[in-house]
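Let's take a walk through this structure together, starting with its overall layout and ending at its helices. Please keep the sequence and the 3D view side by side as you read.

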Amino acid sequence: AFYGCERLERIAIPLKRDLFEIDDDFVDMYTQFHRCDQLKTVDLVGGAHTKTVASFHMENWRTEMEEEINRINQVLPDTQTRDKTDEIKQWMDSVLDKMDHYK
């Protein structure tokens, strides 16, 4: 999608599973953000995650979810460019798994 976009610093994506497809040409890797050296910020769009987190009954669940949602922007700047897409995918799966757990 943005392979080799060296100036890309920020993306806004929906929180959903299987957003990225494996690139069979690169030994079964996720390559959508390969060579996007400057990519360091992911924003979630849609707002469903905000409503879901706000609906959790326990404050510590809400706090943990907010921390998990914000985690990607702490680790992405130090992630190798070839691993950025996989890191984002794993993070989205983790957020969704925790949301499912707390519902």
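Helices (H or I, at least four residues) and strands (E, at least two) are DSSP runs here, numbered from the N terminus. The model is predicted, so local features need pLDDT of at least 70 and side-chain atom pairs count only at pLDDT 80 or more, while totals for chains, interfaces and linings use all residues. Residues are numbered from 1 along each chain as its sequence is written, and side-chain values use heavy atoms, with hydrogens and water left out.

Now step back to the whole chain. Three helices and two strands make up its secondary structure, and along the sequence they follow the pattern β-β-α-α-α. The C-alpha atoms fill a box of roughly 45 × 25 × 20 Å, taken along the principal axes. Of the 103 residues, 35% are buried, where buried means under 20% relative accessible area, exposed over 50%, and partly exposed in between (1.4 Å probe, protein chains only). Contact means heavy atoms within 4.5 Å. Among contacts with a separation of 6 or more, 75% link residues 24 or more positions apart.

Back at K40, is the residue buried or partly exposed? K40 counts as partly exposed because its relative accessibility is 35%. Leaving aside neighbours within four places in sequence, K40 is in contact with E9, N73, L76 and P77. The C-alpha atom of M92, 52 residues away along the chain, is separated from that of K40 by 15 Å.

Next comes helix α2 (residues 59–75). The expected span of a helix is 1.5 Å times one less than its number of residues. The 17 residues of α2 should therefore span 24 Å, and the end C-alpha atoms are 25 Å apart, which agrees. The buried residues of α2 are M65, E68, I69 and I72. An α-helix has 3.6 residues a turn, so residues three or four places apart point the same way. The cover over the buried residues of α2 includes β2 (41–45), α1 (48–54) and α3 (84–102).

Finally, look at α3. This helix has 19 residues and reaches 27 Å from its first C-alpha to its last, close to the 27 Å expected at 1.5 Å a residue. Its buried residues include I88, W91, M92, V95, L96 and M99. Among the elements covering the buried residues of α3 are β1, β2, α1 and α2.
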